Amino acid sequence: MTIEDLYTPLEEAKKEIRRRWADKDLEKKVAKFLKGNIPDVFLHEPLAISTTHVATPNWALLEFRKEAQEIGLKPLIFEYLEDAFITTNFDKASLARMVFYHGRDDHGDMMTTSRHVIDLTGKEEKKKIKDIETLWGSNLVEFHHGVFMSYCPGVDVTDGSSFYKAMGNCAKEYYPYILALYIRNGVLFENYIANRHEQKFLDEILFPAFEIVQKEFGLKPLIVTIAPQNEADNKYWWCYPEFIKTLIPKNKEEEERETVHNVNKASGLSVEELKELMSKWQVKLKMEDWNLSLEIVKFYRKNGYHQSGDFIADPLKKEAIILLTHNPWRGDEEYTLVHEMLHVLLYDYDKYSEDLILKNFQKSSLEHDAYMEKLEETTHNLTRIILGRSDR
Ligand SMILES: [Zn+2]
């Protein structure tokens, strides 16, 4: 089975949902399969459904509302507020670190900025989504709902947690029941991604559940794509329109620093030259098992500090993005590149140490600052030795 097999074209779903809604035998069959446990909101008319964890006005949900209108169904967001928060889930992570879309650069790449909404040091990991607090002390779900209601009126929102809980202990158990809701009670609007992290979910949970339901009813659950997208562009759907950024209270650190992603190179080596250097160093540093990518960014730092590079790393998935300035001021971009790559190699150790420090000390306290300084000095020394030269 492939992702394409899951979808039904919008026009077909539009006719099919009404035909199935009128089918009384099918109504009984679905009720029996779901053991009579159909959430009340699904009983009055066929709906357009989104199962995002929390209603929030990102592009995907704004588009969902538009498509619900096209198909002529009332839109409902069937949330899952009691699910555990984990940063490795893209949908959940984008509630915590909101990414704003500022258009595209000359290469057609997305220009984005981001803002942290909650503490992402690991403190909130595995908490129930509904219990998480924002950095400014309000409830995360209430914050997203507040923004959502003001920019996306006319969409119903219901927490599906009790339904999920009643239907099974894990996704593998409850997924056939969720999909059974899309036999005649609603049309699901969703974009599935076939990257190597989602593939496990597709192979072990979604595809088997889809096949169970299809076999049971002799019908496909009705799933419509929000818009046909390739994987690279899929990120777009989790982005927010830029005006929403003004609604988020800034914390001190973010007022002082901001990174604009995907900008054109203004001086120094070309992106292609930098990518070639990165491939070379990936081999030399024995980082072939890492999935590395490179992004040219604009660093805004309030204190006037000229930052040359940064990185985002996930040591578990062995994925990292090296961020390099669009306008290098000290010339030795290879030094900056290797320095950031070494940060990635050290990151597992670095994050473990920093988390321990942050259990006892505040961010930017004397103790934390001293740690950051020592980390930089170590990384600098390693870079200097490996390159046989220094940038100082
Ligand atoms: Zn550094």
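An open sheet of 3 strands has the order β4-β3-β8 and mixed pairing, where strands are DSSP runs of E of at least two residues, helices are runs of H or I of at least four residues, and both are numbered from the N terminus. Two strands count as paired if DSSP finds at least two bridges between them. The edge strands are β4 (110–116) and β8 (240–241), each of which pairs on one side only. The model is a predicted one, in which local features need pLDDT of at least 70 and side-chain atom pairs count only at pLDDT 80 or more, while totals for chains, interfaces and linings use all residues. Residue numbers start from 1 along each chain as its sequence is written.

- Strand β3 (residues 97–104) is joined to β8 by 2 bridges, and the two run parallel.
- Y101 stands opposite P241 in β8.

**Strand β1 and its partners**
- Strand β1 (residues 47–50) runs parallel to strand β2 (residues 74–79), with 4 bridges between them.
- β1 also runs parallel to strand β6 (residues 186–189), with 3 bridges between them.
- I49 has L76 as its bridge partner in β2, and I49 stands opposite L188 in β6.
- L47 and I49 point one way from β1, A48 and S50 point the other way, and all are buried; a residue is buried if 20 or more other C-beta atoms, placed from the backbone, lie within 10 Å of its own, exposed if 12 or fewer do, and partly exposed in between.
- In a regular strand the side chains alternate between the two faces of the sheet.
- β1, helix α4 (residues 59–71) and β2 form a right-handed β-α-β unit; right-handed means that, with the strands pointing away from the viewer, the path from the first strand over the helix to the second runs clockwise.

**Domains**
- The chain is divided into domain 1 (3–236) and domain 2 (255–387), with bounds from an automatic or database domain assignment.
- The C-alpha centres of domain 1 and domain 2 lie 35 Å apart.
- The contact between them takes 10 residues from domain 1 and 10 residues from domain 2, a contact being two residues whose C-beta atoms, placed from the backbone, lie within 7 Å.
- On the side of domain 1 that touches domain 2, the residues divide into 2 nonpolar, 5 polar and 3 charged (Ala, Val, Leu, Ile, Met, Phe, Trp, Tyr, Cys and Pro are nonpolar; Asp, Glu, Lys and Arg are charged; the others, Gly among them, are polar).

- K286 lies in the loop between α12 (271–284) and β10 (291–301), and its phi is near 55°, a positive value in a residue other than glycine.
- K286 counts as exposed because it has 9 C-beta neighbours inside 10 Å.
- K318 lies in the loop between β11 (309–314) and β12 (319–325), and its phi is also near 55°, again positive in a residue other than glycine.
- K318 has 13 other C-beta atoms within 10 Å and is therefore partly exposed.
- K351 is in helix α13 (residues 333–360) and is partly exposed, with 14 other C-beta atoms within 10 Å.
- K351 and Y177 are 174 residues apart in sequence and 40 Å apart in space, C-alpha to C-alpha.

**Whole chain**
- The secondary structure comes to 14 helices and 12 strands.
- The radius of gyration is 24 Å, close to the 21 Å that the globule rule gives for 392 residues, so the chain is as compact as a globular protein of that length; the radius is taken over C-alpha atoms, and the rule is 2.2 Å times the number of residues to the power 0.38.
- The C-alpha atoms fill a box of roughly 80 × 40 × 35 Å along the principal axes.
- Buried residues make up 27% of the 392 residues.
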